[in-house]
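Biologist: Could we go through this model together? I would like to begin with the strands and then move on to other topics.

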Amino acid sequence: MAALFSRSSRALPYVTGAAVLGAGATYYSSRPRIQLESAQNAPTPALSFPSSMPFPKKITVTNVEQVNHDTKKITFSLPGGDSQVSGVPFGCKTQSDHVCLRDVLIGYAAAILTSHWPQNGWFPVFRPYTPISAPDDRGVLQLLVKQYPKGRASSHLHSLTPGSILTVRGPIPAYTWQRSTTPRELVLIAGGAGITPIYSMARGILSDPEDQTRIQMFWGVNSTKDIVLGKELEQLEQQYPSRLQVTYCVSGPEGKPEAVDLAEPGRYKKGYISSESLREAITRAKAGGWGDAKGTKVFICGPPAMQEAIAGKTGWLGGEYGLVKKEIHAF
């Protein structure tokens, strides 16, 4: 398999091993916003940073769904049932007169840290996940887990069945977002399982009716079978047609273009995410207010080789497009 989209794992600095993909199929933007009318009705977060780092929580598997040949969607119930939400939101810190759960929770794209003791192992295995179940989903948390060869964490998660218990800590902050009430442009780039925080961030931004940010997203995959969040992204595009545009770059096995007729050539591109693929999007972004309130213009998550080629010291973003380090955020 070509190096650009290798299946090598990615993890937090203190975590090594297989990368995992977390996701959920429910859109909290499509449901009424939860009004916090009283303290008695307000759900509490199951996880909160930093208190739940030394004191982990147990979540229970309620459903396992095989999504494709190597990916499962796993649904967990929270310890407090419907009286709790996960506490791992994507939100917005900007104050608003319209108070909802998303505004109360700290605003960042975040991950959780899972752990398990392998058989005959001396130490537990820790891995980060970005859940993309809706932040205001009461009582549940969903992960979309891709299994990797010899992946200790992903193999363990794929072995879980309804009733199994998983130990989790977190949330681990990743990026604090501030909504923009004026039109701004962002470019989001994901490679393979790196879609997790990118999808979470996009959904969080789009679901805020006060946020005027527009998103151009690129997702590089080996095969159309790996577009495991295609339906969810299509729903977001239909719901926010003027604020989201998704382009899929399908490389094919070992970098060979997939032997299928990819419909909608503007939506699907054969090959890896390339400078040519990004040029049109960046040109459009430059014509508007490019970047968020902090000046971050591009968010990227994917295999190290891909991130280095696109956003590294000699990558396209810094070279051809002149972006400096603070204008690029790598999850």
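Biologist: How many bridges join strand β2 to β3, and do they run parallel or antiparallel?

Modeller: In this predicted model, strand β2 (residues 57-68) is joined to β3 by seven bridges, and the two run antiparallel.

Biologist: How many of the residues of strand β3 are buried?

Modeller: Six of the seven residues of strand β3 (residues 71-77) are buried, so the strand is largely enclosed by the rest of the structure.

Biologist: Changing topic: where does UniProt place the feature "binding site"?

Modeller: The UniProt record, an unreviewed entry, places it at R127, P128, Y129, L144, K146, S154 and T196. Among them, P128 is found in strand β6 (residues 125-129), and Y129 also lies in strand β6.

Biologist: Is P128 buried or exposed? And Y129, buried or exposed?

Modeller: P128 has a relative accessible area of 15% and is buried, because buried means under 20%. Y129 counts as buried at 1% relative accessibility.

Biologist: What about backbone geometry: which residues does a cis peptide bond join?

Modeller: The cis peptide bond joins G170 and P171, with omega of about 5°. P171 is found in strand β8 (residues 165-176).

Biologist: Which residue has a positive phi although it is not a glycine?

Modeller: That is K150, with a phi of about 60°. K150 is placed in the loop between β7 (140-146) and α2 (152-158).

Biologist: Is K150 buried or exposed?

Modeller: K150 counts as exposed, at 85% relative accessibility.

Biologist: Last topic: how much space lies in the second largest pocket?

Modeller: The second largest pocket holds about 310 Å³ of space. It is lined by 13 residues, of which A311, G312, K313, K325 and I328 are the closest to its centre.

Biologist: Which element gives the most to that lining?

Modeller: α6 gives the most, with four residues. Both α6 (304-311) and β14 (328-330) supply at least two residues each.

Biologist: How do the residues of the lining divide into nonpolar, polar and charged?

Modeller: The lining of the second largest pocket has seven nonpolar, three polar and three charged residues.

Note on methods:
Residues numbered from 1 in each chain as written. Predicted model: local features only at pLDDT ≥ 70, side-chain atom pairs only at ≥ 80, totals over all residues. Heavy atoms only, no water. 1 Å grid on protein atoms, 1.4 Å probe; cavity = no way out; pocket = protein on both sides within 12 Å on 5 of 7 lines; lining within 4 Å. Points joined across faces, edges and corners; volume = space filled by probe spheres on them. Nonpolar A, V, L, I, M, F, W, Y, C, P; charged D, E, K, R; others polar. Buried < 20%, exposed > 50% of the residue type's maximum accessible area, 1.4 Å probe, protein only. UniProt positions renumbered as here; feature names shortened; annotations may be inferred. Pairing = 2+ DSSP bridges.
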